[in-house]
Amino acid sequence: MKTLLLKVELLLLIVVLSVSLTHAQKADSLKYHRVLIMPFNPDMYLSDSEQDIISATRKSPNVYRENFRKVLSLKIAAELETIIPCISLVQDSGKQAKEDIMRFYGQSGYVYKNPVGSKAVRPDDPSKKEKKTPDLNNQHSAPTYLTTKGDTKFMDAEIGDSVETSAIAHRYDADLILSINQFEIKTNYNSCIDIANKVYRRELIIHYSLMTPSGKLLVGNYAIAFFPSNTNRDVDIMEKTFPDIAQWIKEQLRGEVLKKSN
């Protein structure tokens, strides 16, 4: 009986050590260990659909824009959590978090740049039932898209004070910062979904930067999702677009986030 118990205990010990070793090896394989997500600056909200959204929601712009800001950040955080621990500062209602967000905005210089890292890939039109996973390394799967600037550039948040940014990241034990830089809603009047009812295709474009606490840009790009122009309630817009946006950002960041240490 004692021999059997010893064998069982030995087996349990082997299992525990095996699991611990697996977790340790996985942690050691990551170059980065936590991402801090900065929500977009309200000043960087652009939309040609405000009157429609106001009429449909009966909310003030400040209310639904803040809903967009918080829910987008949290949705992206939920997706990134599947590959790396992260924290969004909109989760923290404390005074320190609010001050840190404003400090980050205060020393960020917004400027259009050429994409850095994986090519920007626009998801399939949602009217198509079957969606295909894009090959982010295939340039042919990345058609050009006209952003507000009129070319294929993304809006970056250049860091003016790396000491300040490093201090912010250190407070949250983060070694990466994902900054959501610009939120755009644009109506494509050349793409009519329903001619009789004058329903056009709208596009949500999210510009973002993945950087180190010192401000070194690792990945910078934009993600796009589609919705019809007769969808104007903030909740409906979020449900139709945010899941795709969050997933695409995760896939574009995956290679850098999971990069192995040298």
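This is a predicted model: local features need pLDDT of at least 70, side-chain atom pairs count only at pLDDT 80 or more; totals for chains, interfaces and linings use all residues.
Biologist: Happy with that. How many aromatic pairs does the structure hold?

Modeller: A pair of aromatic rings is described by the distance of the centres and the angle of the planes. Rings of Phe, Tyr and Trp (its six-membered ring) pair if their centres lie within 6.5 Å; planes under 30 degrees apart are stacked, over 60 edge-to-face and the rest tilted. There are eight such pairs here. One of them, Y45 with F183, is stacked, at 5.3 Å centre to centre and 15° between the planes. Y45 belongs to strand β2 (residues 45-47) and F183 to strand β6 (residues 176-194), so this pair ties together parts 138 residues apart in sequence. Helices (H or I, at least four residues) and strands (E, at least two) are DSSP runs, numbered from the N terminus.

Biologist: Are Y45 and F183 buried or exposed?

Modeller: Both are buried, where buried means under 20% relative accessible area, exposed over 50% and partly exposed in between (1.4 Å probe, protein chains only). Y64 and F68 form an edge-to-face pair, 6.0 Å centre to centre with 70° between the planes. These two lie four residues apart in helix α3 (residues 61-80), about one turn of the helix, and both are buried. Ring pairs link F40, Y45, Y64, F68, F183 and F242 into a cluster.

Biologist: At what angle do helices α2 and α3 pack?

Modeller: Two packed helices are described by the angle between their axes and the distance between the axes. Axes are lines fitted to C-alpha atoms, for helices over the stretch in contact, and angles run from 0 to 180 degrees between N-to-C directions. Helix α2 (residues 50-57) meets α3 at about 95°, with the axes 10 Å apart. That makes α2 roughly perpendicular to α3; the cut-offs are under 35 degrees for roughly parallel, over 145 for roughly antiparallel, 65 to 115 for roughly perpendicular and oblique for the rest. E50, I53, I54 and T57 of α2 touch P61, Y64 and R65 of α3, contact meaning heavy atoms within 4.5 Å.

Biologist: And what is phi of R58?

Modeller: Phi of R58 is near 55°, a positive value in a residue other than glycine. R58 sits in the loop between α2 and α3 and is exposed, with a relative accessible area of 76%.

Biologist: Last one: which residues have the most contacts inside the largest nonpolar core?

Modeller: In soluble globular proteins, nonpolar side chains tend to be buried together. A nonpolar core is a set of buried Ala, Val, Leu, Ile, Met, Phe, Trp, Tyr and Cys residues joined through side-chain atoms within 4.5 Å. The largest one has 38 residues, and L178 and F183 have the most contacts inside it. Its largest share, nine residues, comes from α6, which spans 234-257. Beyond neighbours within four places in sequence, L178 contacts residues including V35, I76, Y208 and L253. A second, separate core of 15 residues includes M38, I159, I168 and A174.

How values were computed. Residues are numbered from 1 along each chain as its sequence is written. Side-chain values use heavy atoms; hydrogens and water are left out.
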